[in-house]
Amino acid sequence: MDSTARSNLGEYLPAFAAGDEPFLVYHSFPGDGSVRRESFSRGEFLTLARKAAGCLRAHGCTRGDRVLHALGRNHYADLAYRLAATMLGTVPVTVNWQADDVAQVLYKIAATEPKLILTDQTFAPDILAACPAELPRVFVENLMNEPELDPGSDLFDPDPEQTRIIIFTSGTTGRPKGVQLPYRSYAANRATFEALLDIHPEDRLALLIVNPLHHTNSTALTDWALRRPGTRIHLVERYSTPYWRILAGVAGENHTRIVAPTVSRHFDFLAELRDGGKLPLPLDRLKAAMGRIDFLIGSAPVGPTTVRRLQEFAGHIPTVRFGSTETCLQVLGIPRQLDEAGRLACFERGWNHLWQGEPLCGYYIGRPTPPFTACRIVQAIEPGQPGFLADQAEGQPGYLVTRGDNLMSGYVGDPAATAAVLPQGWYTGLRDVAFRLRNPQDGDWDY
């Protein structure tokens with residue numbers, strides 16, 4: 001063991017102390033129309049993670065080495081290898097199985113220089129075949145057969161600035177950048193979500209994960225679960241119609257809180273199923289289940305249609321979250337202390353807002369979560385421009401900037417790009433135009 005290493009007990013292992021407690025249910029689709037369930041207790045999952053760590057070590061992976069996670073679906077072994085990374089200090093690098101082509105994957109390999117490719121039988125074979133032959137491939141379906149890392153070799157609680165994971169941006173504004181997210185970011189992420197969602201230590205929390213694990217969304221939520229005792233994960237292989245039946249089943253279990261990260265499109269799909277008479281369960285049962293769940297909606301603006309659909313199907317206003325890969329997912333969100341009428345009023349003020357007589361039609365994205373995240377609306381974000389990082393007036397549109405321990409440590413191999421988006425400690429790379437309004441109910445700022 002490295003003489004500078006510290007005990008890992010302060011980070012992830014406490015969540016697995018109660019080995020007999022249920023931890024993860026994996027919902028997959030064999031292809032015959034059924035849903036397969038595989039369940040793991042905390043002790044069983046920790047054994048899987050130690051097998052994953054044993055596999056990584058057998059391939060020579062040590063602290064700081066990158067491992068390319070090139071899977072074609074959500075899989076429980078992906079999470080086991082992510083927990084294993086906390087034991088060895090290795091760094092997962094995600095591949096977008098929905099969008100990355102051969103050129104993108106080869107670019108990610110060149111940028112991060114991984115020591116190993118972690119993959120599965122559903123990943124695109126043409127992309128895998130194009131990867132450098134000297135890079136070993138490990139298929140997650142073989143995890144049960146891997147050698148188990150000795151429990152005494154759980155190495156260290158890494159430096160807060162050590163990279164936890166690398167997630168590439170989508171590249172919509174240029175070439176994708178590899179975002180290095182340190183352990184610090186994920187510690188802040190946990191604290192932020194527990195404050196935003198009013199989660200208490202005694203809460204029996206369940207997370208229903210259907211968004212792809214290669215995104216910052218599911219990465220942040222599952223890392224939270226890997227850190228938090230008493231949390232249960234329901235991991236769904238991919239979005240499909242049976243998701244809504246799975247959701248109803250989770251709602252019927254003994255949880256005090258259930259959080260389901262989603263996007264607005266999921267509720268468009270739901271409305272289409274309802275209108276086409278193709279719901280996988282009775283509507284009244286679905287509505288009762290949805291009423292128990294906190295739907296954490298992000299990725300795109302939440303407008304009147306999505307709000308109305310949540311009111312119709314779940315009987316409550318959604319919890320909107322806003323952020324980016326560089327911010328470890330979370331920047332702003334709708335706080336739970338606002339009641340239903342107060343939340344709806346926030347949406348309506350945004351939709352109806354005028355600036356100098358012109359409608360802005362803003363979509364409510366919530367509030368920062370002090371002391372973990374802070375935000376401002378500024379006139380300009382380019383150094384040297386008039387109004388650089390100068391605050392705008394209430395209601396006046398400007399650029400949204402943020403800071404906090406949630407921020408990335410930097411872009412892989414690109415210190416210039418890192419410095420360009422972090423002037424004076426403020427992250428300016430969101431490039432979203434926003435405004436803020438004083439809330440008449442409690443006097444706080446709504447963005």
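Is Thr192 buried or exposed? With a relative accessible area of 1%, Thr192 is buried (buried means under 20% relative accessible area, exposed over 50%, and partly exposed in between, using a 1.4 Å probe and protein chains only). Before going on, note that this is a predicted model, where local features need pLDDT of at least 70, side-chain atom pairs count only at pLDDT 80 or more, and totals for chains, interfaces and linings use all residues. Residues are numbered from 1 along each chain as its sequence is written, and side-chain values use heavy atoms, with hydrogens and water left out.

Back to Thr192, which sits in helix H5 (residues 183–196); helices (H or I, at least four residues) and strands (E, at least two) are DSSP runs numbered from the N terminus. Its side chain reaches the backbone oxygen of Ala188 at 2.7 Å. Leaving aside residues up to four places away in sequence, Thr192 touches Gln330, Thr369, Phe372 and Thr373 (contact means heavy atoms within 4.5 Å).

Now for the sheet. Eight strands make an open sheet in the order S2-S1-S10-S9-S11-S12-S13-S14, with mixed pairing; two strands pair if DSSP finds at least two bridges between them. Strand S2 (36–41) and strand S14 (332–333) are at the edges with a single partner strand each, so one side of each has no neighbour in the sheet. Further in, S12 (residues 294–298) and S13 (residues 319–322) pair in the parallel sense over two bridges, and Leu296 stands opposite Thr319 in S13.

Next, take helix H7 (residues 243–251): seven of its nine residues are buried, so H7 is largely enclosed by the rest of the structure. Among the buried ones are Tyr243, Trp244 and Leu247.

Tyr243 and Trp244 also bring us to the rings, as they form one aromatic cluster with Tyr239, Phe267, Phe269 and Phe295. Rings of Phe, Tyr and Trp (its six-membered ring) pair if their centres lie within 6.5 Å; planes under 30 degrees apart count as stacked, over 60 as edge-to-face and the rest as tilted. The structure holds 15 aromatic pairs. In one of them, Phe16 and Phe23 have ring centres 5.0 Å apart and planes at 65 degrees, so the pair is edge-to-face. Tyr239 is partly exposed at 23% relative accessible area, whereas Tyr243 is buried at 0%.

Note on methods: A polar contact is a pair of N or O atoms within 3.5 Å; within protein, one must be able to donate a hydrogen and the other to accept it, and residues adjacent in sequence count only if both atoms are side-chain atoms.
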